[in-house]
Amino acid sequence: MESIQAIKGMNDILPDQIQWWQLVERTARTILENFGYREIRTPILEKTELFSRSIGENTDIVEKEMYTFADRKGEWLTLRPEATASIVRAFIQHNLQADPLARKFYAMGPMFRYERPQKGRYRQFYQLDAEVFGVEDPMLDAELMNMLRVFLEQLGLSGVVLHINSLGCPECRTPYRSVLQKFLVENAADFCPDCQRRLHVNPLRVFDCKVERCQKIIENAPMLLDSICEDCRDHFEAVRSYLERLQTKYEINPRMVRGLDYYMRTTFEIITDRLGAQNAVGGGGRYDGLVRDLGGPDLPGIGFAIGMERLILLLQQQRTEPKRSPSMFIALLGDRAKQEGFLIAQQLRSIGIETELDYAKHSLKSQMRRADKLTARYVLILGDDEILAGVAQFRDMESKSQSTIPLDRVVPMIKNTIENNAETAAND
Ligand code: AMP
């Protein structure tokens, strides 16, 4: 019978890759919690309106990329294409502004966009997401970007650049929009069909266009950063100076607009030149009007999202594989040995020693090969003869030394050896 395949652009993450994911997730939790963020988990499915209202009707995500369908009662639902809208919704719905501890949130999980799959671009992909509500101070913008830097450094990632920009506020964006539109209309004939439409409905989105000839034209377009109001300029300058105090390097990219309408003032992206066409590892920015626009209190907000697949692709180019090995493998030869080994394995696990054993009566040679493959540090060899003699063989796979240990002392002796070796390794 023909086997069923996964949906195009949706990947299985198999055990031989999972160390990378766990490394990223572990590091993210440690760093973000250290900066005061607390985890939030929201549903993968939301009402479609949540995304069309927040991300913007005339964005690529809402126009072309959402997985939207009617449920059995005809309600329109969408698989989340990003996390911010859901977290804002949860914040409002649970009245979290009343809780002084609930200001900084993070989330990790799958997002869904109907894009053309290629390396670093998938239809289901994972994001690490962070959001903060209620702080307007530019100190936070810089702290957030600095946190990202610390996170990436901790993972051992290099060669990425932080791009920053300011998108101003609605007051300075409205007049700019007309100036930009005038420029775009003058050049309308040369734009791709998508941009010809965008320039009427949402001119800023022209900056997102990937078509080369559109990119060429907008190189000469008037820049929003040149016409932001005094308050926005002060805010941007303050962000820059805080970044400099934290020695977080950045480049100003006045053409970066981000693909979602809710952004204002500070926006940023982490850019790489090592992933082919996909140059953004992550990005984010301020969205001071969004909480209010989604029916909540008028609180400022700021956040970012990192694409985990892209981050892992980069890490794989740059560092050795994070390995996970059991400490112990128990090789079993014979039925009595099996009975004894079965119990020893549970005892070792119960004191926190990761232990694997043979279930299938393989030869000693093939069991040792398996222990080797699993990169187990120690192997306990139990044979029926040994059991009768009340002993077991204990082998250190690193030093290749082997000793005979009494069966009734197996668990404490293994515990001691592992602890002593760990201590020696730590002191080396
Ligand atoms: P965005 O919300 O579009 O700014 O996305 C934030 C980050 O998510 C990007 O910088 C990417 O790392 C990642 N990302 C976005 N779309 C995809 C996708 N289709 N496949 C893989 N990663 C993605």
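Hi everyone, this short talk covers the ligand site and then a few paired strands.

A quick word on the model: it is predicted, so to speak of local features we need pLDDT of at least 70, side-chain atom pairs count only at pLDDT 80 or more, and totals for chains, interfaces and linings use all residues. Residues are numbered from 1 along each chain as its sequence is written, and side-chain values use heavy atoms, with hydrogens and water left out.

Let's start with the ligand. There are 14 residues around the ligand, and Arg-113, Glu-115, Tyr-122, Arg-258 and Val-281 come nearest; a residue is near if one of its heavy atoms lies within 4 Å. By class, this shell holds five nonpolar, four polar and five charged residues.

Now the N and O atoms. The side chain of Glu-115 places an N or O atom 2.6 Å from a ligand nitrogen. For ligand oxygens, the distance is 2.8 Å to an N or O atom in the side chain of Arg-258 and 3.0 Å to one in the side chain of Gln-127. Overall, the protein covers 92% of the 480 Å² of accessible area that the ligand has on its own (Shrake-Rupley method, 1.4 Å probe).

Which element gives the most to the shell? That is β10, with three residues. Strands here are DSSP E runs of at least two residues, numbered from the N terminus.

Finally, the pairing, where DSSP must find at least two bridges between two strands. Strand β4 (residues 76–79) pairs in the antiparallel sense with β2 (residues 45–47) over three bridges, and Glu-46 has Thr-78 as its bridge partner. β3 (residues 67–70) also pairs antiparallel with β4, over four bridges, with Tyr-67 partnered by Leu-79. In the β3 and β4 hairpin, five residues lie between the strands, and Gly-74 takes a positive phi near 90°.

Notes. A polar contact is a pair of N or O atoms within 3.5 Å; within protein, one must be able to donate a hydrogen and the other to accept it, and residues adjacent in sequence count only if both atoms are side-chain atoms. Ala, Val, Leu, Ile, Met, Phe, Trp, Tyr, Cys and Pro count as nonpolar, Asp, Glu, Lys and Arg as charged, and the others, Gly among them, as polar.
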